[in-house]
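Me: I would like to learn how to read strands and helices in a model. Please take me through one example.

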Amino acid sequence: MCIIFFKFDPRPVSKNAYRLILAANRDEFYHRPSKLADFWGNNNEVLSGLDMEEGKEGGTWLGISTRGKLAALTNYLQPRQDRDARGRGELVTHFLTTDMDSLSYLKKVSAEGHLYNGFNLIAADLSTEKGDVVCYYGNRGEPEPVVLTPGCFHLLAVVDAAVKTCYKFLWGPVFSSFLFLYPGMELLGGTYGLSNALLETPWRKLCFGKQLFLEAVERSQELPKDALIDQLLHVLNNDEAQLPDPAIEDQGREYVQPFLSKYAAVCVRCPGYGTRTNTVILVDADGHVTFTERSMLDKDPSCWETSTHEFKLQS
């Protein structure tokens with residue numbers, strides 16, 4: 001069980017605004033070996049934690065590169081796992097080290113999705129010059145990946161007096177284009193939540209956590225960076241169970257029942273299993289990245305270490 005909240009706006013109007021704000025929890029067995037986030041790769045260009053489980057070494061759940069490639073993974077909650085399936089963590093590391101753009105990569109992944117147990121994958125290309133593009137694919141959902149709507153889109157309404165009709169459009173300066181909105185289409189405004197179902201599936205803990213995340217984001221321009229990070233970490237460590245939640249019960253069936261009161265919180269805490277890592281990523285208008293990781297030490301939920309890495313995007 002993991003959870004990710006993020007908001008992106010490739011062309012923030014205010015100099016104090018962030019292009020990307022991401023807050024994520026990694027939930028895992030305490031005994032599963034892993035490395036804390038650090039730079040790796042041929043030129044120390046990739047920053048991530050690393051899975052060290054035998055046979056799955058080198059995979060990861062979340063990472064970013066100095067070239068502006070970012071990827072984040074959650075598992076899809078399913079009662080039965082295929083033990084012969086490929087390790088899902090490789091999907092993130094492969095993207096962080098490839099030259100493929102995010103949409104092309106996810107199209108490739110979608111053709112191979114059947115080789116893995118259920119997963120959700122966010123892949124992004126962050127470019128100060130070209131604008132940021134964020135894409136999503138889940139192998140238990142639609143067959144094709146999608147490009148997500150950024151926060152810089154504005155809703156326009158054009159009234160045609162002759163036919164007494166109001167046409168609605170999205171306008172986006174990043175793409176210099178108009179997108180017609182059909183009745184019933186939802187405008188998400190660049191803010192998304194992802195847990196262990198498909199993107200934006202309204203699990204109660206996801207809706208609750210997303211509201212807390214939005215409250216912190218709304219104050220992001222007024223707060224010093226350290227204070228914003230502290231507030232986002234506070235959101236990630238909220239352990240209030242959001243029950244009842246028939247959606248989790250239905251998807252997890254008997255697998256999740258014994259632990260439902262723990263799984264149904266943003267921060268999961270069970271004996272031997274739970275939230276092991278909090279990660280906050282901020283990217284400002286100039287491409288300065290602040291990557292903060294708070295990690296559990298020695299399998300002890302009372303012992304944590306926080307580290308921060310900062311760099312400037314090369315793209």
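**Reading the sheet and its helices**

Reply: The order of the open sheet of 7 strands is β3-β4-β5-β6-β7-β8-β9, and the pairing is antiparallel. Its edge strands are β3 (34-40) and β9 (146-147), each of which pairs on one side only. This is a predicted model, in which local features need pLDDT of at least 70 and side-chain atom pairs count only at pLDDT 80 or more, while totals for chains, interfaces and linings use all residues. Residues are numbered from 1 along each chain as its sequence is written, and side-chain values use heavy atoms, with hydrogens and water left out.

Me: What counts as a strand, and what as a pair?

Reply: Strands (E, at least two residues) and helices (H or I, at least four) are DSSP runs, numbered from the N terminus. Two strands pair if DSSP finds at least two bridges between them. Here β7 (residues 119-125) and β8 (residues 133-138) are antiparallel and share 6 bridges. Across that pairing, Ile122 faces Tyr136 of β8, and Asn120 stands opposite Gly138 in β8. β6 and β7 also pair in the antiparallel sense, over 7 bridges, with Ala123 of β7 as the bridge partner of Ala71.

Me: Why is β7 described as largely enclosed?

Reply: Buried means under 20% relative accessible area, exposed over 50%, and partly exposed in between (1.4 Å probe, protein chains only). In β7, 7 of the 7 residues are buried, so the strand is largely enclosed by the rest of the structure. One side carries Phe119, Leu121, Ala123 and Asp125, and the other Asn120, Ile122 and Ala124; all are buried.

Me: How should I read two packed helices?

Reply: Packed helices are described by the angle between their axes and the distance between the axes. Axes are lines fitted to C-alpha atoms, for helices over the stretch in contact, and angles run from 0 to 180 degrees between N-to-C directions. For α1 and α2, the axes come within 11 Å and cross at roughly 145 degrees. Contact means heavy atoms within 4.5 Å. The contact is made by Glu90, Leu91, His94 and Phe95 of α1 with Ser102, Tyr105 and Val109 of α2.

Me: Where do these helices lie on the sheet?

Reply: Helix α1 (residues 90-97) lies across β3, β4 (46-51), β5 (62-65), β6 (69-75) and β7, at about 170 degrees to β6. Helix α2 (residues 102-111) lies across β7, β8 and β9, at about 10 degrees to β8.
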